Amino acid sequence: VIESFASTAAIQGILSLLTEPAWSATRGWPRVCSSYQNRGGFANNESLPNGLWLSAINDYDDFDDSSLDDDQAISWYPSSDVGNYIKYITPYKSLIVHTDTGIYSTPNQSEVAVTPRTFSLTRQDDTPSTDIQPVTIDNQVFVINGVDVNTLLWNFGQYSYSSTLVSAISEHLITDPLSMASYLDRGTRGGRYGFVTNADTGR
């Protein structure tokens, strides 16, 4: 039974849990949103920039993580030896979390549902994310860091991502990136493209 903080009912110490909402007008509201496996996803508020919150399954308003039932909400805070401000969430073969220090992923088996008991985030790559939204094209996730464009390629055999610096082939093309978008040309076979917009430098 979950009682409000104002309740005067006695609760046994071993059964009590004192918490407060992760986001509010005081603590700030999430800056990042997405969804994964019928869960709403939010991340990065003012007081918890490395916070990740997934709602209960099929209930995008329920973020009560006090229960470990499989369909209940999930809270997670990816950490390492430095801060991990979450910049973006990419729902793909797994749930990919892009931070300012690297890229994290849930267990890389898309047919397995994440639950409060099984959820974890494992560091996949040291490529930090900047202010440009990653995009997915075919079997890859494209991430821009400075003037570098990296791809995370899904490996079906190893259930993991491998990172490749693809902009090294044509370094002169990415000079001052502002945005990136994917495009599907339905009138062309294999017509999947990624477009990067550079700042107008007058050249």
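Which residues does A181 touch, not counting residues up to four places away in sequence? Here are some notes on the model, starting with that one.

1. A181 touches V135, Y193, G194 and F195 once residues up to four places away in sequence are set aside; contact here means heavy atoms within 4.5 Å. A181 is found in strand β13, which covers residues 177-184. A181 counts as partly exposed because its relative accessibility is 38% (buried is under 20% relative accessible area, exposed over 50%, partly exposed in between, with a 1.4 Å probe and protein chains only).

2. A word on the basis of these notes: this is a predicted model, in which local features need pLDDT of at least 70 and side-chain atom pairs count only at pLDDT 80 or more, while totals for chains, interfaces and linings use all residues. Residues are numbered from 1 along each chain as its sequence is written, and side-chain values use heavy atoms, with hydrogens and water left out.

3. Now the overall picture. The protein has 0 helices and 14 strands, where helices (H or I, at least four residues) and strands (E, at least two) are DSSP runs numbered from the N terminus. Of its 203 residues, 36% count as buried. Among the contacts with a separation of 6 or more, 42% are between residues 24 or more positions apart.

4. Have a look at the aromatic residues next. The whole structure holds 8 aromatic pairs; rings of Phe, Tyr and Trp (its six-membered ring) pair if their centres lie within 6.5 Å, and planes under 30 degrees apart count as stacked, over 60 as edge-to-face and the rest as tilted. The W53 and Y77 rings form an edge-to-face pair, because their centres are 6.3 Å apart and their planes stand at 80°. This pair links distant parts of the chain, 24 residues apart: W53 belongs to strand β3, and Y77 to the loop between β4 (74-76) and β5 (86-91). W53 is buried, with a relative accessible area of 2%, whereas Y77 is partly exposed at 36%.

5. Y193 and F195 have ring centres 6.3 Å apart and planes at 45°, so the pair is tilted. Y193 counts as partly exposed at 35% relative accessibility, and F195 is partly exposed with a relative accessible area of 47%.

6. Ring pairs also build a cluster, made up of W23, F42, W53, F63 and Y77. Elsewhere, K93 lies over the face of Y92, at 5.6 Å from the ring centre; the criterion is NZ of Lys or CZ of Arg within 6 Å of the ring centre and within 35 degrees of the ring normal.

7. N50 sits in the loop between β2 (39-43) and β3 (52-54), and at 18% relative accessibility N50 counts as buried. The N50 side chain reaches the backbone oxygen of P78 at 3.3 Å. Leaving aside neighbours within four places in sequence, N50 is in contact with W76, Y77, P78, N84 and I86.

8. What joins the side chains of D64 and S66? The answer is a polar contact of 2.7 Å (a pair of N or O atoms within 3.5 Å; within protein, one must be able to donate a hydrogen and the other to accept it, and residues adjacent in sequence count only if both atoms are side-chain atoms). D64 lies in the loop between β3 and β4 and counts as partly exposed at 31% relative accessibility. The C-alpha atoms of D64 and I74, 10 residues apart along the chain, are separated by 8.1 Å.

9. Two backbone angles deserve a glance. Most residues other than glycine have a negative phi. N44 has a positive phi, near 60°; N44 lies in the loop between β2 and β3 and counts as buried at 7% relative accessibility. D138 also has a positive phi, near 55°, and lies in the loop between β9 (135-137) and β10 (140-145).
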